[in-house]
Structures are given as structure tokens and as C-alpha cells.
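Here's a quick tour of a protein model for you. Take a look at the structure, then read on.

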Amino acid sequence: MRVICRIAHERDVEDALSLLDRVGQMREGAMAELRYWRVLEANGSLIAMGGIEYCGADAALLRSLAVPASLRGKGYGQLLVKELVGVARDLGAARVYAFSTGAMPFFTKLGWKRVQVDELVSALPDAPQVESFRKRGWLPTEVAWRAP
Ligand SMILES: CC(C)(COP(=O)(O)OP(=O)(O)OC[C@H]1O[C@@H](n2cnc3c(N)ncnc32)[C@H](O)[C@@H]1OP(=O)(O)O)[C@@H](O)C(=O)NCCC(=O)NCCS
């Protein structure tokens with residue numbers, strides 16, 4: 001299967017949101033600024049995705065990484081993280097963070113360090129996902145990660 005990684009387009013939004021539903025990730029704020037989102041495409045179909053939230057400081061948030069269960073373990077998640085960290089660095093983000101309680105072995109394998117949620121929130125106080133998690137009362141039970 002030939003897989004390409006490309007910037008997300010408006011025509012991807014419906015498939016992307018449906019993929020987020022399937023992997024149990026929230027839709028809120030997803031695909032908001034398409035230039036910061038990447039999708040993997042195979043045979044003309046969207047197979048995986050992820051995005052960056054960037055609010056103009058020197059930090060960015062990687063979010064909504066989604067690979068369907070049937071396609072896991074093939075390196076697609078790792079490929080997306082590499083691309084998205086590159087997007088964040090190009091924007092000027094020296095520090096790239098993510099929230100994840102469900103993919104701890106994945107982020108650990110990729111060399112990400114677990115950090116205090118407060119560190120992420122201080123670096124990205126206005127990030128939409130931080131706002132969502134604050135509003136939903138999820139921050140106390142979240143797990144934060146920083147890219148190597
Ligand atoms: C997390 C997720 C994106 C990983 O995608 P993936 O395509 O399966 O990951 P990769 O194949 O690129 O894995 C990269 C490495 O991490 C390891 N890894 C991935 N998931 C793992 C797990 N649950 N346990 C142990 N190792 C894991 C892989 O074995 C691989 O190691 P290797 O290079 O030695 O083979 C996918 O499981 C997913 O969509 N989960 C649900 C949504 C989610 O939790 N997103 C993260 C929040 S932003």
C-alpha cells in the first residue's frame with residue numbers, strides 16, 4: 001500500500017472527524033486550522049491524521065493523532081509525529097507537547113518525556129485543547145508529554 005503524507009484540505013474534514021470518533025478522540029477543535037494538520041492517504045482514502053495547535057509562542061501542541069486499530073503497528077503514528085513536530089519547529093516552537101493517557105507506551109517509545117500537566121498549561125495557556133480540557137474538568141487526570 002502506497003501511503004502519502006499531505007496537508008489536510010476542507011474535503012478531508014468529514015472523514016477526519018469520523019476517524020476521531022472511531023479511535024475515541026474528541027472532535028472539538030479538530031481540523032480548525034487546516035494548514036497545521038496532516039493526513040495520511042492511501043488509494044485516495046484518508047487513513048490517519050494528526051494536528052498541531054500553535055498560538056504564536058515558542059510552544060505547540062500535537063493533538064488528535066489517530067490511526068485506526070486495523071492499521072496500527074506499521075509506523076504511521078510515528079510518521080505523523082515526525083511530520084507534525086516538523087510543522088511545529090518550522091513555526092518557531094522550541095517545545096512541542098501532547099496530552100495522552102491512552103498512548104503512553106507510544107510516546108515513551110518515541111523518546112517523549114512525561115511532564116507535569118502544569119508545564120504544558122503554562123506553555124500553552126490559550127491552546128484550544130487546553131481550553132477544552134479545562135472546561136471539561138479533565139486537566140487533573142490528564143497526562144502531558146514533551147517531545148525530545
Ligand atoms: C497512538 C497511535 C497513534 C499509534 O499509532 P501506530 O501507527 O500504531 O504507531 P507506530 O506503528 O508508528 O508505532 C511507533 C512505535 O511505538 C510502538 N507502539 C505503538 N503503540 C504501542 C503500544 N500501545 N504499546 C507498546 N508500543 C507501542 C510501536 O511498536 C512502534 O515501535 P517500533 O518502532 O519499535 O516498532 C494509535 O495507537 C492511535 O491512534 N491510538 C488512539 C488515539 C490516541 O491515543 N492518540 C494519541 C493522543 S494525541
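What follows is a short briefing on the sheet and one of the helices.

This is a predicted model, in which local features need pLDDT of at least 70, side-chain atom pairs count only at pLDDT 80 or more, and totals for chains, interfaces and linings use all residues. Residues are numbered from 1 along each chain as its sequence is written.

**The sheet**
- Seven strands make an open, mixed sheet in the order S1-S2-S3-S4-S5-S7-S6 (strands are DSSP runs of E, at least two residues, and helices are runs of H or I, at least four, both numbered from the N terminus; two strands pair if DSSP finds at least two bridges between them).
- At the edges sit S1 (3–7) and S6 (113–115), each pairing on one side only.
- S6 and S7 (residues 144–146) run antiparallel and are joined by three bridges.
- Lys 113 has Arg 146 in S7 as its bridge partner.

**Helix H5**
- Gln 129, Val 130 and Phe 133 are the buried residues of H5 (residues 128–136) (buried means 20 or more other C-beta atoms within 10 Å of a residue's own, exposed means 12 or fewer, partly exposed is in between, and C-beta atoms are placed from the backbone).
- Looking down the H5 axis, these buried residues fall within an arc of 105 degrees, so they line one face of the helix (the arc is that of the directions from the helix axis to the C-beta atoms).
- Arg 134 and Lys 135, on the other side of H5, are exposed.
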